[in-house]
Amino acid sequence: MKTRFPIITLLICALVISCITPITDFEQVSTNSFFSVEATLSDQPGLHKVKLYMSSNRLTGGSFQPILKAKVYFTDEKGLIENLTDPKGTGNYQTSETFAGRVGGTYTLTIETSDGKKYVSSPETMRSVPEIENLITKFEIMDNYVKGDARRGGFNIYVDFQDSPNLGDNYQWFWKHYQKAFICETCTNGYYDFAKKTCRFPPEPTDATLNYKCDRPCWDITFSTALNIFSDSYLNGQRITGKQVARVPFDDTTPYYLQFEQRSITKSVYNYYQGLVAQTQNNGTLFDVPAETRFSYNIKSVTNPSEKILGVFDVHSVRKKVFYIDRSVGIPEGESPVYVKLQGEVYSCPAGTRVCNEYVECLDNLNRTPSKPVDWKD
């Protein structure tokens, strides 16, 4: 299962040192970096992941050092253990494909590094999440942007659901958009090297931008980057209506495919995200978020209790819904989509060439996949 957590944590970790140490020529004076954890466990079967690395100690140009050969495992309240493996040796540990968390189950994450350090999370109980009752789409204009600005028009998505009578429910909303991909690589001032599978740039770069077609059916993936969370502290047990959970662009009139998730997150995760949301709203950008708001709420070092750790152990249950947004209705007169134009030209083999390739492999990664999305309609 993919989640939005890796993107947020990478941004956070890249910025954390800039708020607490002097910077000289964009390189931090301090050589400190932090033990970082991206850990997610849901009630959906398959490949729950824990990513381990040391954060960069530079504001720009730094790298994240993966933590290899660690022993990583989940333990539930009955003492049952699920060991995670790192099949590619990249610091990305994963469960078996059939493993899933259980609503009502309590889980602890344990990490034992090869140099003898041990980290343990607080026990996190997976709470149930209500069904998605309704999703409403409404075209809305942001008047502070002029016509022709892509931010002006968009479709807001609102959700209705029934909160449970149990106090202390916390929610998060997340979405992914899939779009058929035609281009799988773009090389600006160079060309694509099919043998090395990368763009190459000659000593005398050209001014051309070349786009290379995908070698098979392929989909681009975009997903929510905003933290959208909610607590039932003041609305416990009530029916929640009209909660805005997404805004999608008006860049075409074609149907917009959306995979939508409603999650029930733990109090620790809610507090972690709430600190980021509050600081971002107050200061305007992640660059201004104080470092202390990024340290983990629920992962501690056993060998060094004073050690500061980045990240959070995210235990949640989820309800999913796939739907298409009709972007041709409800548009006020005078408003039109801001189309995304392909820059450069589409590469094709020169006429008469006997050996030539013009198709690039569609790779399966965070932003692209050759796997057909659930309920996709051509």
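Is Phe99 buried or exposed? Phe99 is buried, at 17% relative accessibility (buried means under 20% relative accessible area, exposed over 50%, partly exposed in between, with a 1.4 Å probe and protein chains only). A word before moving on: this is a predicted model, where local features need pLDDT of at least 70, side-chain atom pairs count only at pLDDT 80 or more, and totals for chains, interfaces and linings use all residues. Residues are numbered from 1 along each chain as its sequence is written, and side-chain values use heavy atoms, with hydrogens and water left out.

The whole structure holds 24 aromatic pairs (Phe, Tyr and Trp rings, Trp by its six-membered ring, with centres within 6.5 Å; planes under 30 degrees apart are stacked, over 60 edge-to-face, the rest tilted). Phe74 and Phe99 make a stacked one, 6.3 Å centre to centre with 20° between the planes. Phe74 sits in strand 6 (residues 71-76) and Phe99 in the loop between strand 8 (92-94) and strand 9 (106-112), so the pair ties together parts 25 residues apart in sequence (strands are DSSP runs of E, at least two residues, numbered from the N terminus).

Next, select Phe139 and Phe250. Their ring centres are 5.1 Å apart and the planes stand at 75°, so this pair is edge-to-face. Phe139 belongs to strand 12 and Phe250 to the loop between strand 21 and strand 22, 111 residues apart.

Last stop: Gln259, in strand 22 (residues 256-265). Its side chain makes a 3.0 Å polar contact with that of Tyr257 (N or O atoms within 3.5 Å, one able to donate a hydrogen and the other to accept it; residues adjacent in sequence count only if both atoms are side-chain atoms).

Methods. Helix = DSSP H or I, 4+ residues; strand = E, 2+ residues; numbered from the N terminus.
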